[in-house]
Amino acid sequence: MELEVIAKALKELGHPTRLAIFKRLVKSGFQGIAVGVVQEELAIPGSTLSHHISGLVSAGLVTQRREGRVLYCVAEYKKLESVITFLQDECCADMEDIG
């Protein structure tokens, strides 16, 4: 995965409010959670929540779906996994040279 893509995802997760939102979405599982529930649980004004969710969506960390009048957000676990894998891929690689 390209460095810029990972950097964008980490940038979005680097904001405390977005991290709290994403953590809540991860907790909800593959079915996702209604935006209104997130707003209520985290006590975030609607316009602020929308702004932060947009950033997570633009980074590919979240997808949305509408069911009637309810908007659901779902964490993109494959994207999260790719970010974690990117960070772990070279873990201790320099140690092989010492050995």
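Two strands are said to pair if DSSP finds at least two bridges between them, and I would like to begin there, with the sheet. Please keep in mind throughout that this is a predicted model.

With that definition in hand, look at strand 2 and strand 3, which run antiparallel and are joined by six bridges.

Taken together, we have an open sheet of three strands, with antiparallel pairing and the order 1-3-2. Which strands stand at the edges? They are strand 1, residues 33-34, and strand 2, residues 62-67, and because each has a single partner strand, one side of each is left without a neighbour in the sheet.

Let me turn now to the helices, starting with helix 1, residues 3-13, and helix 5, residues 77-88, which pack at an angle of about 110 degrees with their axes 10 Å apart. Since angles of 65 to 115 degrees count as roughly perpendicular, helix 1 and helix 5 are therefore roughly perpendicular to each other. Helix 1 passes helix 5 in a left-handed crossing. If you colour the residues that meet, you will pick out L3, V5, I6, A9 and L10 on the side of helix 1, and K79, S82, V83, F86 and L87 on the side of helix 5. Sorted by class, this contact of helix 1 with helix 5 has eight nonpolar residues, one polar and one charged.

The other pair I want to show is helix 2, residues 16-28, with helix 3, residues 35-42, whose axes lie 11 Å apart and which pack at an angle of about 125 degrees. That angle makes helix 2 oblique to helix 3. The crossing of helix 2 past helix 3 is right-handed. In this contact, A20, I21, R24 and L25 from helix 2 meet V38, E41 and L42 from helix 3, and by class the residues divide into five nonpolar, no polar and two charged.

Note on methods
Residues are numbered from 1 along each chain as its sequence is written. This is a predicted model: local features need pLDDT of at least 70, side-chain atom pairs count only at pLDDT 80 or more; totals for chains, interfaces and linings use all residues. Side-chain values use heavy atoms; hydrogens and water are left out. Axes are lines fitted to C-alpha atoms, for helices over the stretch in contact, and angles run from 0 to 180 degrees between N-to-C directions. Helices (H or I, at least four residues) and strands (E, at least two) are DSSP runs, numbered from the N terminus. Angles under 35 degrees count as roughly parallel, over 145 as roughly antiparallel, 65 to 115 as roughly perpendicular and the rest as oblique. A crossing is left-handed if the near helix is turned anticlockwise from the far one by less than a right angle, and right-handed if clockwise. Contact means heavy atoms within 4.5 Å. Ala, Val, Leu, Ile, Met, Phe, Trp, Tyr, Cys and Pro count as nonpolar, Asp, Glu, Lys and Arg as charged, and the others, Gly among them, as polar.
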